[in-house]
Amino acid sequence: MELMTVDPRSLKDNPDRARQSKSSPQSDALLCASIKAIGVVQPPVIKLDPEGGNSYIIVFGHRRAAQAVAAELAEIPVLVADPSDDLGAMQSFAENIAREPLNPVDQWRAIERLVALGWTEESIALALALPARQIRKLRLLANILPAMLDQMARGDMPNEQQLRTIAAAGQDEQAEVWKKYKPKKQEPQVSWWELARALTRTRMLAKHASFGEELEQAYGITWVEDLFAPADEDGRYTTDVEAFLGAQQEWLSNNLPKRGALIEANEYGQAKLPAKAQQVYGKPGKGDLTGWYINARDGSVQSVVYRMPEAKKPKVVKGADGVETVVEDLEAPKVRPDVTQKGLDMIGDLRTDALHEALARAPIEDDMLTALLVLALTGQNVTIASGASDNPYGHAKCAPHAVRLIDKDGKLSFDRETLGQVARSVLIEALSLRRNRSDSGLVARIAGEAIGADQFLPSMASEEFLSCLSRNALEAVAETAGVPGRIKVKDTRAAVVEHFAGDRLVLPAAVIAPDAAEVRAWASRFSATTSDLGEDDETPPVTEDGDPASDLSGAGGADDFREAAE
């Protein structure tokens with residue numbers, strides 16, 4: 001290739017260039033500003049026009065040439081390719097796509113080299129067409145521990161907020177925290193949020209300061225500019241919390257408005273009103289007061305309007321001799337409740353023990369037992385992720401069904417038909433096989449097999465469902481149904497849909513009835529503690545997780561469960 005200078009206006013665009021879509025105005029403006037400042041850094045590649053003549057067409061660098069014209073450059077350097085060079089479509093495509101921008105660490109290092117060569121931040125910003133604020137922000141990486149920089153250079157970058165926190169801490173603090181959070185062999189990624197949290201220091205923002213320069217100097221407050229804050233906001237801050245709050249307090253004391261009172265704030269930054277005061281949320285009245293306080297969380301001066309209760313007028317009693325006597329109304333003494341809070345706790349324990357004793361020993365008819373199970377599912381200590389609604393985050397609403405079992409006198413009273421309807425409705429709320437948080441698991445499949453739920457499965461011979469099957473699975477369905485396979489999957493799918501147009505297809509993997517071995521394995525997990533109970537034991541067995549144990553593997557187990565359900 002030959003290096004030469006040409007007028008960019010004389011170059012022709014290549015009609016076969018890879019980048020046909022227009023670039024954004026912002027990127028064009030950025031490139032134009034860079035060319036104006038430092039010229040064309042990488043010369044475009046050109047070649048003689050194959051149609052003849054002495055003109056040249058651009059192979060690579062159309063945007064550079066166009067923005068050089070926009071920058072009003074008379075000449076730019078170019079590389080003239082030899083006619084024998086094969087500058088094909090693949091090279092053009094690769095030249096446009098095989099680029100990777102410098103990561104922030106490499107950008108910072110490049111900026112530091114330019115500063116060492118005598119460039120100022122403003123001149124670097126002008127040359128790169130970047131805001132000077134962005135250059136100063138990148139230079140904050142100079143405050144980062146070198147070991148952290150090496151980790152960031154590998155592509156493991158914290159977010160902007162975390163980077164701001166880390167850069168604001170001293171090197172000694174960073175080194176101490178890095179010992180704990182540096183990457184390990186088993187965890188090559190750094191938990192930057194934990195590292196930043198360990199280095200977090202309380203900041204008081206200048207935009208919350210009510211005091212002026214006089215108090216600022218008196219308390220020795222020095223502001224640090226937060227280069228990561230929005231450019232249109234005052235991003236200055238100080239970590240000297242005590243000095244900031246002292247200056248705010250002195251300013252507030254010197255500038256307290258009329259009918260204003262100094263009040264304190266609690267640890268959450270909320271105002272602590274005087275005793276018996278009521279906060280005014282609407283329009284303040286004539287006799288209302290304003291309390292001024294400093295929010296200890298952000299240091300800002302805030303106010304709250306409150307109202308004091310009216311003083312009671314003294315009661316004047318006139319005696320028989322005509323002498324008036326002032327009688328003060330004494331507040332009625334507080335009446336102690338019949339039962340204290342501790343007593344109520346004891347009552348709760350006694351009630352629970354009695355209830356459990358009755359459930360274990362008292363005779364209970366089958367219908368009543370079913371009704372009690374329904375009531376138990378409506379308890380306020382029971383939460384069921386329900387699959388009965390379209391909301392995947394909804395909970396079961398059993399109470400509206402259970403109230404049908406309560407008569408007008410507030411007693412549990414029902415007929416067998418109503419009980420059956422209520423039990424069915426509650427089971428619908430509780431049991432689910434959806435693949436979300438409402439999934440009841442294997443117990444729902446056991447219940448479904450017991451009541452023959454597989455008979456209610458709809459046909460799965462639809463385009464929507466069959467498109468979810470792999471080619472092998474689809475061909476297995478077609479082979480089982482006696483449908484000849486097709487070359488294209490979509491044709492096989494259409495043939496299966498047509499074959500089952502008047503019939504029902506249920507995928508074997510979709511049946512509700514579980515495998516017997518799977519049920520036995522599940523039952524054995526929860527029946528391990530059954531043998532530990534003696535004849536006189538009153539408490540049902542529980543697992544290590546506190547769940548009631550069941551034995552569905554022996555006599556009266558799964559078979560009785562199915563019988564009862566049927």
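This is a predicted model: local features need pLDDT of at least 70, side-chain atom pairs count only at pLDDT 80 or more; totals for chains, interfaces and linings use all residues.
What does the accessible surface of the protein chain come to, and what share belongs to carbon and sulfur atoms?

1. The accessible surface of the protein chain comes to about 38,200 Å², and 52% of it belongs to carbon and sulfur atoms.

2. Residues are numbered from 1 along each chain as its sequence is written, and side-chain values use heavy atoms, with hydrogens and water left out.

3. The protein chain has 22 helices and 16 strands; these are DSSP runs (helices H or I, at least four residues; strands E, at least two), numbered from the N terminus. Of its 566 residues, 28% count as buried, that is, under 20% relative accessible area with a 1.4 Å probe, protein chains only.

4. Among contacts (heavy atoms within 4.5 Å) with a separation of 6 or more, residues 24 or more positions apart account for 65%.

5. Helix H7 (residues 146-153) packs against helix H9 (residues 171-181) at an angle of about 65°, their axes lying 9 Å apart. Axes are lines fitted to C-alpha atoms over the stretch in contact, and angles run from 0 to 180 degrees between N-to-C directions. Pro 146, Ala 147, Met 148 and Gln 151 in H7 meet Gln 171, Gln 174 and Trp 178 in H9.

6. Gln 67 is found in helix H2 (residues 62-70) and is buried, with a relative accessible area of 12%. Leaving aside residues up to four places away in sequence, Gln 67 touches Asp 28, Leu 31, Cys 32 and Ile 35.

Methods. Buried means under 20% relative accessible area, exposed over 50%, partly exposed in between (1.4 Å probe, protein chains only). Accessible areas come from the Shrake-Rupley method with a 1.4 Å probe; for residues, only the protein chains shown count as cover.
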